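Reader: I would like to learn how to read side-chain features in a model. Could we go through them one at a time?

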Amino acid sequence: PEWRLYKAAESGYSLRNFVHCIRHLKVTMRARNSGTWDLKYHFGNNGWRKMKDFQQLASFAERVRQRFQRWSSTLTKDEEDQACDGFYGLVSLSRLVEISLGYYAFHLRNLYGIMRDELGIEPVDPLDDKELLEIGIPSEVMG
């Protein structure tokens, strides 16, 4: 469908780029068990072709957020300090969480903006914009 080819006016990102950025959290959750933040999972099959409209994309983002919220509530201090290797070098799992949340919040906020401002669609159960801003911006989180 044509909606998947849509590009954001400001960033030039396609909606597929947003899906990949949101998947960042899923790869971080996987690193808890594997000890590796593996880029191949970031760009692996993500069900993109099954999504039929913007609302399904927003729902996907919300499901990832809910899953991450449950997952993060079970992290122990030892797990947070666990060393993980991969795309970001050797960093702690807590650092990966921080990076992933920054990417997720930034791109989800932009996706909401596209839906509202450029397409006239209100996302179902959107996260609060203030809450998303407080999580961080990727360039600041990576800084």
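Reader: Let's start with E79: how is its relative accessibility classed?

Author: E79 has 22% relative accessibility, so it counts as partly exposed. Keep in mind that this is a predicted model, where local features need pLDDT of at least 70 and side-chain atom pairs count only at pLDDT 80 or more, while totals for chains, interfaces and linings use all residues. Residues are numbered from 1 along each chain as its sequence is written, and side-chain values use heavy atoms, with hydrogens and water left out.

Reader: Which residue forms a salt bridge with E79?

Author: In general, side chains of opposite charge can pair when their charged atoms come close. The rule here asks for a side-chain nitrogen of Lys or Arg within 4 Å of a carboxyl oxygen of Asp or Glu. E79 meets that rule with R32, where the closest N and O atoms are 2.8 Å apart. This pair links distant parts of the chain, since E79 belongs to helix α4 (residues 77-81) and R32 to helix α1 (residues 15-34), 47 residues apart. R32 has a relative accessible area of 13%, so it is buried.

Reader: How are those helices assigned?

Author: They are DSSP runs, numbered from the N terminus: helices are H or I with at least four residues, and strands are E with at least two. The protein has seven helices and three strands. Read from the N terminus, the order is α-β-α-α-α-β-β-α-α-α.

Reader: How many salt bridges does the rule give?

Author: The count comes to three. Helix α4 holds D81 and K77, four residues apart, about one turn of the helix. Their side chains meet in a salt bridge at 3.2 Å, N to O. D81 is partly exposed at 44% relative accessible area, whereas K77 is exposed at 55%.

Reader: And what about R95 and E98?

Author: R95 and E98 also meet through their side chains in a salt bridge, at 2.6 Å, N to O. R95 lies in helix α5 (residues 93-118). The two residues are three apart in that helix, so about one helical turn separates R95 from E98. Both count as partly exposed, R95 at 23% relative accessibility and E98 at 40%. R95 also has a spatial relation to A83: they are twelve residues apart in sequence and 9.5 Å apart, C-alpha to C-alpha.

Reader: Now the rings, please. How many aromatic pairs does a search of the whole structure find?

Author: Rings of Phe, Tyr and Trp (its six-membered ring) pair if their centres lie within 6.5 Å; planes under 30 degrees apart count as stacked, over 60 as edge-to-face and the rest as tilted. The search finds four aromatic pairs. Take W37 and F87: their ring centres are 5.9 Å apart and their planes are at 45 degrees, so this pair is tilted. W37 lies in strand β1 (residues 36-37) and F87 in the loop between β2 (83-86) and β3 (91-92), so the pair links distant parts of the chain, 50 residues apart. W37 counts as buried, at 1% relative accessibility.

Reader: Which geometry do F87 and Y88 have, edge-to-face or stacked?

Author: F87 and Y88 are edge-to-face, with 4.9 Å centre to centre and 90 degrees between the planes. Y88 is buried, at 18% relative accessible area.

Reader: Where does R30 lie relative to Y41?

Author: A charge sits over a ring if NZ of Lys or CZ of Arg is within 6 Å of the ring centre and within 35 degrees of the ring normal. R30 lies over the face of Y41, at 3.5 Å from the ring centre.

Reader: Let's finish in a helix: is L57 buried or exposed?

Author: L57 is found in helix α3 and counts as buried, at 0% relative accessibility. The C-alpha atoms of L57 and V19 are separated by 7.5 Å, although these residues are 38 apart along the chain. For the whole protein, 40% of the 143 residues count as buried.

Key
Buried means under 20% relative accessible area, exposed over 50%, partly exposed in between (1.4 Å probe, protein chains only).
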